Amino acid sequence: MEQEDVLRAASMYYLQDIKMEVIARHLGTSRSTVSRLIKRARDTGLVEITIRPARTQAPGLSRSIGRRFGIEAYVVPVPDSSTELERLDQVARTTAKLIGSWFDSDMVLAIAWGTTLAAVGRHLSAKPTRGSAIVQLNGAANTRTSGFEYASDLITSFGAAFDAAVHHFPVPAFFDYRETKDAMWRERSIKRVLDVQRRADIALFGVGALHGGVPSHVYSAGYLDEEDVDVLHHEGVVGDVCTVFLRADGSYDDIPLNARATGPTPTELRRIPRRVCAVAGDNKVAPLRAALAAGVVTDLVVDELTASALVQAASREA
């Protein structure tokens, strides 16, 4: 019965522009109850409020990116004066909403940890599911920390939002030796997590950038030493997806560090049907173009300013 009152109150308030006092008399209740019903309509998603900049180019950018790269693009309108953190927050909000609409019972969501995904996790709305699972895509330990608390909090926030089983990936972000990784990949406990990853219906990840803007976690939290960074520069690396490093053309196979990385390669990632990439920031344009060249993105959520820079950069090369 209350759900009917929520719908009636929200319809009168938002669609008919009726004041709360009048709605209260019509429903035979108090003004405070009407206020609570309208708030519930917003909290449950029955009512969605969107603020659009007056001169946004987002719809045109979405179409342009979609046609050029053969993907679904969701360009988030932001004012030109937005800071990098504000742009990230808006992209995170939109990504959380989209994931909530796509993910459902009996599905597997694979997520890569990182600055962008941590922001997405903070904006998830509760959507209980049955028989679903959240799986971590790449290891998080390094020489300074186990990385477990950081990655665990992120993965757990998704599991809590969807009432889903959570599968952690208790390995380093990068092994010291390829032989160690090969041996670990034969262990049954690790093979179990890898199997859950392979069964994923949706993969969610950002792109990492070596420099500038909001720092990518893999480059700012002790995962790479100076020698590693020198190798990346020598190899022409522009960023990473799931801690697998990419050159501007999307190539990755012969980059030495990738042999020790624990994230899925672009080839492995492409086996997942829906691959959602969330991006915000000027420094993310180059790694985003590399991810698109590698074919790992099916759905892109990007802020308007980054989208504009992406289109301009692609047009210069056309």
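The model is predicted, so local features need pLDDT of at least 70 and side-chain atom pairs count only at pLDDT 80 or more, while totals for chains, interfaces and linings use all residues. Residues are numbered from 1 along each chain as its sequence is written, and side-chain values use heavy atoms, without hydrogens and water.

**Sheet**

- Three strands form an open antiparallel sheet in the order β6-β7-β8; strands are DSSP runs of E of at least two residues, and helices are runs of H or I of at least four, numbered from the N terminus.
- β6 (208–209) and β8 (244–247) are the edge strands, each with a single partner, so one side of each has no neighbour in the sheet.
- β6 and β7 (residues 237–241) are joined by 2 bridges, where pairing requires at least two DSSP bridges.
- Gly-208 stands opposite Asp-240 in β7.

**Helices**

- α13 (residues 285–293) lies across β6, β7 and β8, at about 65° to β7; axes are lines fitted to C-alpha atoms, for helices over the stretch in contact, with angles from 0 to 180 degrees between N-to-C directions.
- The axes of α13 and α14 (residues 304–317) come within 10 Å and cross at roughly 65°.

**Pocket**

- α8 (178–184), α9 (188–198) and α12 (266–269) each supply at least two residues of the lining of the second largest pocket; a pocket is an open set of points on a 1 Å grid over the protein atoms alone, where a 1.4 Å probe fits, with protein on both sides within 12 Å along at least five of seven lines, and lining residues have an atom within 4 Å of a point.

Terms used:
Contact = heavy atoms within 4.5 Å.
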